[in-house]
Amino acid sequence: CSYEPLQRRKRELGAIGRFGDRLSGVMLPLGYMRAGGAFAISALSETSRIIGTLGLSTTLKQVPLLAEMVTNWRSMDEGARNFAMMVDQTFHPATDRMRRVLMTQVQNQYGREGLTGFERGTQSLANFFSDVSLLAPVTSFTQNLMAASTIQHLFEVHRGLARRMDDATIRTLGLEPAQYDDLLDYVGTNAVTASRGGSNRVVDLTNLHDIRMDNLRSFIDRAVKTRIQDMPTRGDFHRLGFSFLGRLMTQFRGFNLKGVDNFALQNLSRIRRGDAGTSVRVAQEIVFTMVFASLAQYARNYMEVQSLESRGQYAEAKKKGDDLLGASGFIRGGFTGPSEFFLPIMATDAAWTTFVDDDPVFSAYRYSGLNWYGFPALSFASKGWDITKYVAGATVAKSFGFEDKERDITQKTVHKMRTLLPFQNFLPVKHFFNLGEDQIEYEFQINEKKIRKPKNVD
C-alpha cells in the first residue's frame, strides 16, 4: 500500500511505536518552526527548473496564474472560474493540502482523540507557520505553475512557437514520443487562449472527456513531481525512513534525498539516453537553478550583514560580508540550489571540518545549517541539555556542593536559548530576535565567555 500508516490501527502498535509516534508528532513541528523560516526561498527557486525545462517565455505567460490563485481562496468549492481553478480541479498538482489531509487521517488511525492540547496546538501552529512563512503558498504556486506551463508548452510546440522536448526527456516524464505527439495535437486543437501583452496564453481546455486526457494527466503529474519537490511517500525510501527514528533523521532532508532521484539520477538517465541537445538542456536546467539560488542566498546573507551592522557588530559584519558576499560566496551559494549537489556538498563540509578547518564551506548557505550527522531533533536535545547544564551550574550547583559543576551563563548560552524558540529563523522577525538577544545580554551584563576564577592553593 502506498500509505501504509493508514492501514495500521492503534492496537497494532507496540508501546515503543506509540511513544515514538507521539514524540515525533511534537519534535517534527518544533524542529520545523525553530529552523524552517527561510524554506520558502528554497521553494521559490524551483521556478528555475520550470524555466530550464520549458523556457522563459512559456513560463512567463502563465505567471498571471498567481493572481488567479489568490482570488480563488474564497471559492475553492465552486466550479472552474479561471485557468488556475481549472488546473487545480482537473490535474490536482498541489500536494500540501493533501499532505495535511493524510496526516489528519493517520492521526485519526492512531487515536487523535488521545492527543494532548499541546500536541494538537503544536501541529496546528506548524501548519500556520508553513502558511505565514509562505512555504505552503509558494510550493502550491510553483506546482500549479509547472502544470499550467506544461500545457502552454504543448500548445506552443503545436503552433511552432516553441521547441519540441527531446525523446529522452519525454520518456523520463512517462510517455513515448508518439504519445507526446498525440498530446501536442490534443492541446493545440482544444486550447482556449486569451491575448495578453501581445502573446497567446492558454486559459482553458475543451473536450476534457477525450481519451487523451488520461495521458495528459499522467504527463503533467510526472512533470510536476520531477521538477518541483514533492513530498516523500512509501516507495521513495526504505521503510526504515518512515519509522520513528527515520522520520526524525530525514527531517529537512527528505525532499533533498528524493530530489537526488528526481533530478540527479533522472538527469543522468536523460544524458545517457539522449543526444547532445539533451545534455545541453540538462546543463541549462542546472545552471538556471544555480543562478537563482546564488541570487537568493546573496539577498539572504546581505540581510544578515545589515542586521549585524544595525546592532553595532561591525567586525563580525565585515567578516561575514567578506566571506559570503564576494564572488566566492556567490558561487558557493549557487551549489545549494540543485538537489544534484546535496550529497556532495554535505560530504565536502564533513570532510572539510574533519581534516582542514572548523568553518565549513557550504553550511552557511544551507537553510537548516545542520551538519552531516545532525538532524533537528538531535540539535534541539543537544542544545536543551547544554542550556540545562549551564543554568543548573549557575544557580544551584554551588548550593548543593557541586563546585566542579559550576557554570556561568554566557552570551553563547543566551544564543542557544534563542535558537530553541519557534519562528526565530523566520526572516521578517529574525532581526528582532537578534535585537532582543542583544538587549538581554546588555541588561543582565552577560559576558561573552566564562570568567575563570583563580583556584585557592593551600
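Is Glu68 buried or exposed? Glu68 is buried, with a relative accessible area of 16%; buried means under 20% relative accessible area, exposed over 50%, and partly exposed in between, with a 1.4 Å probe and protein chains only. Glu68 lies in helix α5, residues 65–71. Helices (H or I, at least four residues) and strands (E, at least two) are DSSP runs, numbered from the N terminus. Leaving aside residues up to four places away in sequence, Glu68 touches Asn82, Phe83, Ala84 and Arg201, where a contact means heavy atoms within 4.5 Å.

The model is predicted: local features need pLDDT of at least 70, side-chain atom pairs count only at pLDDT 80 or more, and totals for chains, interfaces and linings use all residues. Residues are numbered from 1 along each chain as its sequence is written, and side-chain values use heavy atoms, with hydrogens and water left out.

The pLDDT, which is the predictor's confidence in each residue from 0 to 100, has a mean of 80 for the chain, and 81% of the residues reach 70 or more. Among the elements of the chain, helix α11 (residues 177–190) has the highest mean pLDDT, 95, and helix α7 (residues 96–110) has the lowest, 53. Over residues 1–12 pLDDT stays under 50, and the model has 25 contacts beyond four places in sequence for this stretch. Where pLDDT is low, the predicted coordinates should not be read in detail.

The next topic is charged pairs. A search of the whole structure finds 18 salt bridges, a salt bridge being a side-chain nitrogen of Lys or Arg within 4 Å of a carboxyl oxygen of Asp or Glu. One of them joins Arg164 to Asp167, with the closest N and O atoms 3.1 Å apart. Arg164 is partly exposed at 33% relative accessible area, and Asp167 is partly exposed at 34%. Arg164, Asp167 and Asp181 are linked in a network of salt bridges.

Asp214 and Arg217 form another salt bridge, with 3.9 Å between the closest N and O atoms. Asp214 and Arg217 are 3 residues apart in helix α12 (residues 213–227), so about one helical turn separates them. An α-helix has 3.6 residues a turn, so residues three or four places apart point the same way. Asp214 is partly exposed, with a relative accessible area of 48%, and Arg217 is partly exposed, with 36%.

In the salt bridge of Asp438 with Arg311, the closest N and O atoms are 2.6 Å apart. This pair links distant parts of the chain, 127 residues apart: Asp438 is in helix α21 (residues 427–443), and Arg311 is in the loop between α15 (276–310) and α16 (314–324). Asp438 is buried, with a relative accessible area of 17%.

Helix α15 also takes part in a nonpolar surface patch. Val287, Val291, Leu295, Tyr298, Tyr302, Phe330 and Ile331 make this patch of about 630 Å². Patches are made of residues with over 30% relative accessible area and no salt bridge; like charges are joined within 9 Å, and nonpolar side chains (Val, Leu, Ile, Met, Phe, Trp, Tyr) within 5 Å. α15 and α17 (327–334) each supply at least two residues, and α15 gives the most, with 5 residues. Val287, found in helix α15, counts as partly exposed at 47% relative accessibility.

Helix α19 (residues 376–395) has 20 residues. Its buried residues are Pro376, Ala377, Ser379, Asp386, Ile387 and Gly393.

Key
The expected span of a helix is 1.5 Å times one less than its number of residues. Accessible areas come from the Shrake-Rupley method with a 1.4 Å probe; for residues, only the protein chains shown count as cover.
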